[in-house]
Amino acid sequence: MPMNKSRIKRPTIPASQIITASGYCDRCKTIHGLPMGEAYLHCRKLIHHFQQNETIALDPSVETDPQLSTSYLFGKARGKMFGVLDCRTADGSQTFIQAFSGQYNSIWDVSGWAPPLFDIMEFRATNDHTEKKIKALGKELDQQRPHTEKWLDIKHARKQMSRELMRDLHGIYRLNNFEGECASLYRAYNGNNGIPTGCGDCCAPKLLNYAATHDLTPVGIVEFYWGLDNKSGTRRHGYCYPSCRDKCQPILGYLLCGLGRKHAAR
């Protein structure tokens, strides 16, 4: 059963001093960051919505898709990260955006939530056919005796196909920043190793990309985990976490670039 009590506590230091999303910017040769700010307040409202309605559908007054039930997060999905971005519009009014990491129960785009950093139709055209082939190879692999020549050949073919698919998928991501620039994931990523699986699918990149393409100025961000604690113990139900080091920080410097000048202009 879902836990109904959030462990999120009011910050003990000013939220404006808690940097929750950051990354090194190759262009500016510095680290850009964004504090928690008042995003914390909307975060608590979102959690209350989950507790009261047990769905991520933001309008519970209409019939909702059962795939959007939060019970999904307390089963095999084992929880998910959610994020809230506090923004100012062109006229200075406050607005909030929310995002979930990756897909929600196999759904990429849910009304009221920030979309992914790619065109969904292009993703399906790139992914679906090859993914079926990879799964077919996996079934064939299971039918072979381990470590035989045929088993090794199938395993190698599946691994190579998976690498090529990941390369192709990374190529369809488009990242927009506050300098008005748009870059591929390959150009925006500045990590030391190869681009990890899931890079660009977390909450912070989705939120910042949406803000940059809708003339919104972010002033605060918070991300929290909802659902069963993950097996490694690195994510616990109801806890807030900063942007992840491997997937997010290597692209957040690019995504946050230009935000300081945007703040000054407004």
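**Notes on the predicted model**

1. Let me start with R78: this residue is partly exposed, with a relative accessible area of 30% (buried means under 20% relative accessible area, exposed over 50%, partly exposed in between, with a 1.4 Å probe and protein chains only). R78 has a positive phi of about 55° although it is not a glycine, and it is found in the loop between α1 (39–53) and β3. Helices (H or I, at least four residues) and strands (E, at least two) are DSSP runs, numbered from the N terminus.

2. A word on the basis of these notes. This is a predicted model, in which local features need pLDDT of at least 70 and side-chain atom pairs count only at pLDDT 80 or more, while totals for chains, interfaces and linings use all residues. Residues are numbered from 1 along each chain as its sequence is written, and side-chain values use heavy atoms, with hydrogens and water left out.

3. H147 lies in the loop between α2 and α3 and has a positive phi of about 70° although it is not a glycine. H147 is exposed, with a relative accessible area of 63%.

4. On the overall fold, the protein chain has seven helices and seven strands, in the order β-β-α-β-β-α-α-β-β-α-α-β-α-α. Buried residues make up 44% of the 266 residues in the chain.

5. Which residues does I97 contact, leaving aside its neighbours within four places in sequence? They are G83, V84, L85, C87, A114, L207, Y210, A211 and L216, where contact means heavy atoms within 4.5 Å.

6. Finally, the largest pocket holds about 820 Å³ of space. On a 1 Å grid over the protein atoms alone, a pocket is an open set of points where a 1.4 Å probe fits, with protein on both sides within 12 Å along at least five of seven lines, and lining residues have an atom within 4 Å of a point. Of the 33 lining residues, G102, T197, G198, D201 and K247 are the closest to the centre of this pocket. The largest share of the lining, five residues, comes from α2.

Key. Grid points are joined across faces, edges and corners, and a volume is the space filled by probe spheres set on the points.
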